[in-house]
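Hi everyone, thanks for making time for this.

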Amino acid sequence: PIMGVNTFLSSEGSPTILPGEVIRSTTEEKQYQIDMLDALHKFHHDSAPEAITRLKQCAVRNQNIFEELMETTKTCSLGQITKALYEVGGQYRRNM
């Protein structure tokens, strides 16, 4: 299934095929994900900050962060990881 679709069309048309149907989460599915994220944060409350620090240090030192990312994902959410990397490297902004 296709979940979440960006349909930005250029003047030449879309480079992708638009799906016939976009699947949306139910309220129960959304709440389950929120509850699971909260449980992840609570369970790894003590270990997540250290993992984030190691990831940031790796990024600042211009090292290959792939291996550290694999470790960080064991204790941190995508949101925590993204925020940490934005803090050390900034956020990409496309010229419009």
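Let's begin at H44, which sits in the loop between α1, residues 27–43, and α2, residues 48–60. Do keep in mind that what you see is a predicted model. Is H44 buried or exposed? It counts as buried, because its relative accessibility is 14% and the cut-off for buried is under 20%. Setting aside neighbours within four places in sequence, H44 is in contact with P49, K74 and T75.

Now follow the chain into α2. This helix has 13 residues, and from its first C-alpha to its last it reaches 18 Å, close to the 18 Å expected at 1.5 Å a residue. Which residues of α2 are buried? They are A48, A51, I52, L55 and C58. Looking down the axis of α2, you'd find these buried residues within an arc of 125°, so they line one face of the helix. Turn to the other side of α2, and there E50 and V60 are exposed.

So much for the helix by itself; what covers the buried residues of α2? The cover includes α3, residues 66–72, and α4, residues 78–89.

I52 counts as buried because its relative accessibility is 14%, with the cut-off at under 20%. With neighbours within four places in sequence left out, I52 is in contact with T72, C76, Q80, I81 and A84. For those of you who like C-alpha distances, I52 and K83 are 31 residues apart along the chain, and their C-alpha atoms are separated by 9.6 Å.

That brings me to the nonpolar core. The largest one has 7 residues in all: A48, A51, I52, L55, C76, I81 and A84. Which elements give two or more residues to this core? Those are α2 and α4. The largest share, 4 residues, comes from α2.

α2 is followed by N62, and the phi of N62 is positive, near 60°.

Methods: Residues numbered from 1 in each chain as written. Predicted model: local features only at pLDDT ≥ 70, side-chain atom pairs only at ≥ 80, totals over all residues. Heavy atoms only, no water. Buried < 20%, exposed > 50% of the residue type's maximum accessible area, 1.4 Å probe, protein only. Contact = heavy atoms within 4.5 Å. Expected span 1.5 Å × (residues − 1). Arc of directions from axis to C-beta. Core = buried A, V, L, I, M, F, W, Y, C linked by side-chain atoms within 4.5 Å.
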